[in-house]
Amino acid sequence: MTARAETIIAVATAPGRAGVAVLRVSGPEAGPLTVALTGRRPLPAPRLAAYASFSDPATGALLDRGLLLWFPGPASFTGEDVAEFQVHGSRAVLAALLAAATGFPGVRLAEPGEFTRRAFDNGKLDLTEVEGLADLIDAETEAQRRQAVRQLDGALGQIILGWQARLMRALAHCEATIDFVEEEDVPDDLLSATRPDLTALLAEMRGQAADGRGERLRQGLTIVILGPPNAGKSSLLNALAGREAAIVSDRAGTTRDVIELHLDLGGYPVTLVDTAGLRATDDPIEAEGIRRARARADQADLALVLLDRADWPRVPDDVAPWLDQPGTLRLLTKCDAGIAPPADARGWLPLSVQDGIGFDALMQALTERAAALLSTGADPLLTRARHRAALDETCAALDRALSGTLPELITEDVRLALRGLGRIVGRVDVEDILGLIFAEFCIGK
Ligand SMILES: Nc1nc2c(c(=O)[nH]1)N(C=O)[C@@H](CNc1ccc(C(=O)N[C@@H](CCC(=O)O)C(=O)O)cc1)CN2
Ligand SMILES: Nc1nc2c(ncn2[C@@H]2O[C@H](COP(=O)(O)OP(=O)(O)OP(=O)(O)O)[C@@H](O)[C@H]2O)c(=O)[nH]1
Ligand SMILES: [Mg+2]
């Protein structure tokens, strides 16, 4: 591991006033800087907290007292020498410490994601683990946390490594066959020894590429509320949100803008979308709202279609097309206490926002649908479009190899398949994706 010229420092905790804040330093000057700030020589035993005074090396003035941690490389998060200062979390303390530290030769402020970038460069994390870390920091629900921590733990990387090993074996066979056999003796089937395994591998990889659950879980599920004007769409959104997010009135055509809110549905992340009531209208503003409602519904994962009990069984033409979409949930609204739902309304869930009727059944149906679309069980899954694109390329190359006849082309396609997998874990073509991935990180990570 080659030491980097520059030593970086950043506040690793969230900005703003806090009880305690953590400053993190990584690089060859981490040790000398820590000695200069704390006067502790030798440095504390590796990885054990020590109580220290932090002073400005230039003036000797005490800046704060706090905990000091020393992680000599390579056994650190970045693989370099790392020091951590856990100090009082005020802006003034942090500003004074950062100023003192960056006044030290060879020490500068870190860019967003730069610690993680160094961990990647030093082989501490592969690219899927880096992404898992980013997702873990962003995780808002329990299912997202589980998926991210599994990926940070290397589960996806392990699968890719397993696939790579099988392709390497096939490549070795191809190369050995081509290299050591006379031109006219190259066997008819270059892949004969590995063909059954490669065929199984292709099926496995295609199965993964076709599985959208991991990506959906990362991004969350979109559920759109649709129905005629006045059906009670905004009332339902407010009830589920637990606050008056949307305007409710007895005037048909109240909602025009698309209103979104985020919910945690039994651990699954959901974006709930309220829309303008669907109907024919001459009002250009309402018409634009309805256009947006339809556009949003086209992209949604699930729809809740609402119908006022008083209008039963007349489903307006504008609403009818959404009724039979897969996953659509039909709700008959304003089935208030004392008003029996129509006996023939099978497949419709009676609901009264006013009297709080039908919510348990609604939540159960929604959670079931969310689980069906998002539940990833214990399998690590692809979580990004980038993974899918690389895996699609891999599958295409392997498919060509399996149906190819020219030895050189078969070998080249197996190589291309390997390259696609290498891209997922960050072994090849890294530079163009690294910028994109690390741009998501916060400073100090
Ligand atoms: N105070 C503090 N808490 C933190 C972090 C941190 O950097 N500082 N982390 C920052 O993300 C996370 C923990 N991640 C870490 C990952 C690896 C190592 C580390 O020292 N790895 C060495 C030794 C491993 C071992 O002893 O098993 C290594 O990989 O060689 C430290 C923290 C969350 N909590
Ligand atoms: N009795 C009764 N009235 C309800 C219930 N839910 C909503 N309402 C009323 O129905 C009217 C319309 O409610 P909204 O939530 O604004 O309906 P909407 O579907 O969003 O209407 P638009 O935005 O115009 O498309 C309001 O007067 C609500 O108070 C209910 O469960 N029972
Ligand atoms: Mg509304």
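Select the hairpin formed by S1 and S2 in this predicted model. Six residues lie between the two strands, and Gly16 adopts a positive phi near 110°. Now extend the selection to the strands themselves, residues 7–11 for S1 and residues 18–26 for S2. The two run antiparallel and are joined by four bridges. To view one facing pair, display Ile9 together with Val25 of S2, which stands opposite Ile9.

Remain with S1 and show its side chains. Which residues point one way, and which the other way? Thr7, Ile9 and Val11 point one way from the strand, whereas Ile8 and Ala10 point the other way. Are these residues buried or exposed? All are buried, and S1 is accordingly described as mostly covered, with five of its five residues buried.

Now select ligand 1. Its surroundings consist of Val22, Phe71, Pro74, Ala75, Ser76, Phe77, Glu84 and Lys124. Colour this shell by class: five residues are nonpolar, one is polar and two are charged.

Finally, display the whole protein chain and colour it by domain. Domain 1 covers 3–119, domain 2 comprises 155–211 together with 382–441, and domain 3 covers 220–374. How far apart do the C-alpha centres of domain 2 and domain 3 lie, in Å? The separation between these two centres is 46 Å.

How values were computed:
Residues numbered from 1 in each chain as written. Chains lettered and ligands numbered in written order. Predicted model: local features only at pLDDT ≥ 70, side-chain atom pairs only at ≥ 80, totals over all residues. Buried ≥ 20, exposed ≤ 12 C-beta atoms within 10 Å, placed from the backbone. Pairing = 2+ DSSP bridges. Near = placed C-beta within 6 Å. Nonpolar A, V, L, I, M, F, W, Y, C, P; charged D, E, K, R; others polar. Domains from an automatic or database assignment.
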